[in-house]
Amino acid sequence: MKIAFIASECYPFVKTGGLADVVGSLSQALADLGHKVVVILPFYQAVSSKNLEISAFFDEMCVHMGCGIEEWCSVKKGNSGKNVEVFFIESNKYFLREGIYCDSFNNDFQDNPYRFAFFSRAALQLLRDMDFRPDVIHVHDWQTAFVCAYVKTWDWGESGIDRVRTVLTIHNIGYQGIYGADCLDYCGFDWKYFNSGVFEDYGRVNFLKGGIHFADYVTTVSPKYAAETLDGSQSYGLAPYLKNKGERYVGILNGVDYSVWDPKTDKTIPENYSARSFKGKAVCKKALQQRFSLFEDDNIPVIGVVSRFAHQKGLDILAKTVERIVDSMLVQFAVMGSGDNDLENFFRWLSYERAGKVGCFTGYSDEMSHLVEAGSDFFIMPSRYEPCGLNQIYSLKYGTLPIVRNTGGLSDTITQYDEATGSGTGFKFDYLSPDAIFDTVGWAVSTYFDRPKHFTAMRKAAMKCDFSWKNSAKEYEKIYTA
Ligand code: ADP
Ligand code: GLC
């Protein structure tokens, strides 16, 4: 098959979260199955500053938006050294700025609807102009959801683009791209679509909702999250529209790329290790304790956090109990992430207030995120909702036991510890409250100290888990051809 991915992020070119990891690794997994895969991305400033091999492809491309507006851009081609072709839409007006979706104060760019409507149109036009007629166009989240609408409603002439199957994957329904209706003129859609079955959402335009309407198939990133979005508990209002898709809405569990995330081969960590010997993990733990200014003591368990600091992640609830935890248990926290200013300030403050017990890094660093996975004993994700979650899957591979809320992909990927037998791969709690977090952390820490055999057995079981794309990429293949 010929498959075109159109997305707003892709590792290793540009990444703010798990979306990038999935776009990068799924496209590769499909190419490895023998498909011809191209990925189209915006040419952000962050991409240009990376040391990647990128060359000019089209010097000029005119993109026709609504109301006769012409946007001029150029196209670049990236070389990832792999068998996936990557193209970039370059528009200084929309992408030459610091930040991907928001500025350094965490405020969304005001022109985001214009940026991503333009990008969606431009990506399709690139497919047409370079004569790549895919069998499937696979788009991701609200930023590229309008691609499905453009495919079905614009005149694509002889190119046949209007007959290409579209698949929209929802990585996070909490972000729908809802904007003032006046952007619809620029986007270039007939106002007849401004009704509650298509784009309209309480008088505004909802990009994701429009995408759901026009996509041939809609998927999300774990079976449990698919159920939670259908029963309305986690759908942010879109359950009825997902229900309308019937069998054309499914949950496919994300896979991960073990060539990037495996302690046996990870080039970024101080020492490699495997389930046979945890000697290297102890070296990583020491390095982590040093980097996060924690007391250097191999006998104190470390709990890691690597996260966007967003409401979704439930870290505000952790914040309510973390002092009580470190005051009453022998345990340390290595917290890294960025986003919400209050949370950043809180954890920074706490790293002084409980120096040696809580360490904090606010910012983005791929290398440090690997060190937290490798050096920690536990990894906590108290998410309000979690479509899939990749960090708990990475944690399993690094023998770092996840402590997670029983929701979405966290639920699908972690097996509850059974104190009677010592089986399981992590610690799950249902109700999100400071007390539930306190108790579950207490359970994990007591397992570390009081039932070391169970702890080691769990580590080994966790490291054996296989969440590679092997199975899930095949599920996508089925949808592409169903
Ligand atoms: P989400 O996509 O909701 O943020 P996931 O668990 O699916 O959550 O994926 C998060 C990805 O982003 C992981 O690869 C994680 O390591 C990475 N990540 C999150 N925050 C940071 C950070 N501050 N620095 C480096 N990587 C980060
Ligand atoms: C989103 C979700 C996360 C998921 C990721 C990749 O950002 O929040 O749970 O793992 O997308 O699909």
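This is a predicted model: local features need pLDDT of at least 70, side-chain atom pairs count only at pLDDT 80 or more; totals for chains, interfaces and linings use all residues.
Let us start with the helices. Two packed helices are described by the angle between their axes and the distance between the axes. Helix α4 spans residues 112-129 and helix α5 spans residues 141-153; their axes come within 8 Å and cross at roughly 50°. Angles from 35 to 65 degrees fall between roughly parallel and roughly perpendicular, so α4 is oblique to α5. The crossing of the two is right-handed.

Now turn to ligand 1. It is surrounded by 21 residues, and the closest are Lys15, Gly18, Asp21, Arg308 and Lys313. Backbone and side chain both take part in its polar contacts: a polar backbone atom of Gly18 is 2.6 Å from an oxygen atom of the ligand, and a polar side-chain atom of Lys313 lies 2.7 Å from an oxygen atom of ligand 1. Leu390 also has a polar backbone atom 2.8 Å from an oxygen atom of ligand 1.

Ligand 2 is our last stop. Around this ligand are 14 residues, with His171, Asn254, Gln312, Glu386 and Gly389 the closest. A polar side-chain atom of His171 sits 2.6 Å from an oxygen atom of ligand 2, and one of Asn172 lies 3.4 Å from an oxygen atom of ligand 2. Gly389 has a backbone N or O atom 2.8 Å from an oxygen atom of ligand 2.

Methods: Residues are numbered from 1 along each chain as its sequence is written. Chains are lettered from A and ligands numbered from 1 in the order in which they are written. Side-chain values use heavy atoms; hydrogens and water are left out. Axes are lines fitted to C-alpha atoms, for helices over the stretch in contact, and angles run from 0 to 180 degrees between N-to-C directions. Helices (H or I, at least four residues) and strands (E, at least two) are DSSP runs, numbered from the N terminus. Angles under 35 degrees count as roughly parallel, over 145 as roughly antiparallel, 65 to 115 as roughly perpendicular and the rest as oblique. A crossing is left-handed if the near helix is turned anticlockwise from the far one by less than a right angle, and right-handed if clockwise. A residue is near a molecule or strand if one of its heavy atoms lies within 4 Å of it. A polar contact is a pair of N or O atoms within 3.5 Å; within protein, one must be able to donate a hydrogen and the other to accept it, and residues adjacent in sequence count only if both atoms are side-chain atoms.
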